[in-house]
Amino acid sequence: LEALCRGDNKKISRKNRRPSNTQRAEYRELVARHEAEIRRDPFSWNKESVIVAPFLSNPTRTLKFIRRLESLAVDARRRSTEVADVPQATSASKIPQRSTSARR
C-alpha cells in the first residue's frame with residue numbers, strides 16, 4: 001500500500017485513468033443528444049449554447065468535447081448545403097434515352 005501511495009507502481013496508475021463504462025455511456029448519450037440538436041438546425045447552433053455536464057469539469061475534456069461538437073456542426077452544415085446544391089430530377093430526365101447509333 002505504501003508503494004502505491006508513493007507512486008512506485010506505474011501499472012495501476014494507467015488503469016485508473018480510463019473512465020468507467022457508465023461514464024463512457026453518459027458521454028456517448030450526451031454527444032448523441034447534442035448531435036441530434038445540431039442536425040435539426042446546424043446553422044443556428046453555436047458553442048455558447050452548450051451546457052457542459054458536471055462530469056466534464058476537466059478543462060481539457062471540456063475543450064475536446066466542444067471541438068467534437070464544432071466538427072459535427074461543420075459537417076452538418078456542409079451536408080445541408082450539398083443537398084441544397086443538387087438539382088432535382090424531373091420526370092423527363094428519368095426516362096432513359098436511346099442513342100441513334102445503338103439502333104444501327
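The legends below describe close-up views of a predicted model.

**View 1. The largest pocket and its lining residues.**
The largest pocket has a volume of about 390 Å³. Its lining consists of Arg-17, Arg-18, Pro-19, Gln-23, Arg-24, Tyr-27, Phe-55, Leu-56, Thr-60, Arg-61, Lys-64 and Phe-65. By residue class, the lining of the largest pocket holds five charged, five nonpolar and two polar residues.

**View 2. Helices H3 and H4 at the largest pocket.**
Helix H3 spans 21-40 and helix H4 spans 59-85, and each supplies at least two residues of the lining. H4 gives the most to this lining, with four residues.

Leaving aside neighbours within four places in sequence, Thr-62 is in contact with Val-52, Leu-56 and Ser-57. One of these contact residues, Leu-56, is also among the residues that line the largest pocket.

**View 3. The salt bridge between Glu-29 and Arg-33.**
The structure holds five salt bridges, and one of them joins the side chains of Glu-29 and Arg-33, with an N to O distance of 3.9 Å. Both residues lie in helix H3, four residues apart, or about one turn of the helix.

**View 4. The salt bridge between Lys-47 and Glu-70.**
The closest N and O atoms of Lys-47 and Glu-70 are 3.2 Å apart. Lys-47 lies in the loop between H3 and H4, whereas Glu-70 belongs to helix H4, so the pair ties together parts that are 23 residues apart in sequence. Lys-47 counts as partly exposed, at 41% relative accessibility. Glu-70 also counts as partly exposed, at 26% relative accessibility.

**View 5. A salt-bridge network of Asp-75, Arg-78 and Arg-79.**
Asp-75, Arg-78 and Arg-79 are linked in a network of salt bridges. In the bridge between Asp-75 and Arg-79, the closest N and O atoms are 3.3 Å apart. Asp-75 and Arg-79 are four residues apart in helix H4, so about one helical turn separates them. With a relative accessibility of 22%, Asp-75 counts as partly exposed.

Definitions and conventions. Residues are numbered from 1 along each chain as its sequence is written. This is a predicted model: local features need pLDDT of at least 70, side-chain atom pairs count only at pLDDT 80 or more; totals for chains, interfaces and linings use all residues. Side-chain values use heavy atoms; hydrogens and water are left out. On a 1 Å grid over the protein atoms alone, a cavity is a set of points where a 1.4 Å probe fits but cannot get out, and a pocket is an open set with protein on both sides within 12 Å along at least five of seven lines; lining residues have an atom within 4 Å of a point. Grid points are joined across faces, edges and corners, and a volume is the space filled by probe spheres set on the points. Ala, Val, Leu, Ile, Met, Phe, Trp, Tyr, Cys and Pro count as nonpolar, Asp, Glu, Lys and Arg as charged, and the others, Gly among them, as polar. Contact means heavy atoms within 4.5 Å. A salt bridge is a side-chain nitrogen of Lys or Arg within 4 Å of a carboxyl oxygen of Asp or Glu. Buried means under 20% relative accessible area, exposed over 50%, partly exposed in between (1.4 Å probe, protein chains only).
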